[in-house]
Amino acid sequence: MPRDALQGTLDLLILQTLARGTQHGYGITCYILAASGHQLRVEEGSLYPALRRMESSCLIKAEWKQSENNRRARYYQLTKKGAKHLAQETQKWEEHTATVKAFLEFA
């Protein structure tokens, strides 16, 4: 799969996770793993560059807070621009998968 497609998929997973509420990096990873039935594991080496990239694009914002175990953690939140981007990318994903599904049923 091309790198930009992989990044776009990871971004979609992260944005969808943050649409449910503010979360720290480890929480994002855990949510994606649990919601995917333990099929999608996001490693730190992929997660944090994606978070930085999306923050610099103003799709998310971050602030330092105390975590549930009293550690300092960066919490990420979806911005209005991020919510709009999520809606657009979700629509593209749904159209793409519908096209592939139609092809597989036809072939």
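Me: At what angle do helix 2 and helix 3 pack?
Reply: In this predicted model, the axes of the two helices lie 11 Å apart. Helix 2 passes helix 3 in a right-handed crossing. The packing angle is about 115°.

Me: Which residues of helix 3 make the contact with helix 2?
Reply: Helix 2 brings Gly 25, Tyr 26, Ile 28 and Thr 29 to the contact. Facing them from helix 3 are Leu 47, Tyr 48 and Leu 51.

Me: Which element gives the most to the largest nonpolar core?
Reply: The core holds 17 residues, and among those touching the most other members are Ile 14, Leu 15 and Leu 18. Two or more residues come from each of helix 1 (3–19), helix 2 (25–35), helix 3 (44–56) and strand 3 (72–78). With five residues, the top contributor is helix 1.

Me: What does Leu 51 touch, not counting residues up to four places away in sequence?
Reply: Leu 51 belongs to the helix 3 side of the contact with helix 2. Leu 51 is also one of the core residues that touch the most other members. Its partners are Ile 14, Ile 28, Ile 60 and Tyr 76.

Me: Is Leu 18 buried or exposed?
Reply: Leu 18 sits in helix 1. Beyond four places in sequence, its contacts are Gln 23, Ile 28, Ile 60, Tyr 76, Gln 77 and Leu 78. Its relative accessibility is 3%, and the limit for burial is under 20%, so Leu 18 counts as buried.

Me: How many Å apart in space are Leu 18 and Gly 82, C-alpha to C-alpha?
Reply: Along the sequence, 64 residues separate Leu 18 and Gly 82. In space, their C-alpha atoms are apart by 9.5 Å.

Me: Why does His 38 count as exposed?
Reply: His 38 lies in the loop between helix 2 and helix 3. Exposed means over 50% relative accessible area. His 38 passes that mark because its relative accessibility is 56%.

Me: Which ring does the charged end of Arg 72 sit over?
Reply: The structure holds zero aromatic pairs. Charges do sit over rings: Lys 65 lies over the face of Tyr 75, at 5.6 Å from the ring centre. For Arg 72, the distance to the centre is 4.3 Å, and the ring is that of Trp 64.

Notes
Residues numbered from 1 in each chain as written. Predicted model: local features only at pLDDT ≥ 70, side-chain atom pairs only at ≥ 80, totals over all residues. Heavy atoms only, no water. Phe/Tyr/Trp six-rings, centres within 6.5 Å; stacked < 30°, edge-to-face > 60°. Lys NZ or Arg CZ within 6 Å of the ring centre and 35° of its normal. Core = buried A, V, L, I, M, F, W, Y, C linked by side-chain atoms within 4.5 Å. Buried < 20%, exposed > 50% of the residue type's maximum accessible area, 1.4 Å probe, protein only. Helix = DSSP H or I, 4+ residues; strand = E, 2+ residues; numbered from the N terminus. Contact = heavy atoms within 4.5 Å. Axes fitted to C-alpha atoms, helices over the stretch in contact; angles between N-to-C directions. Left-handed = near helix turned anticlockwise from the far one by under 90°.
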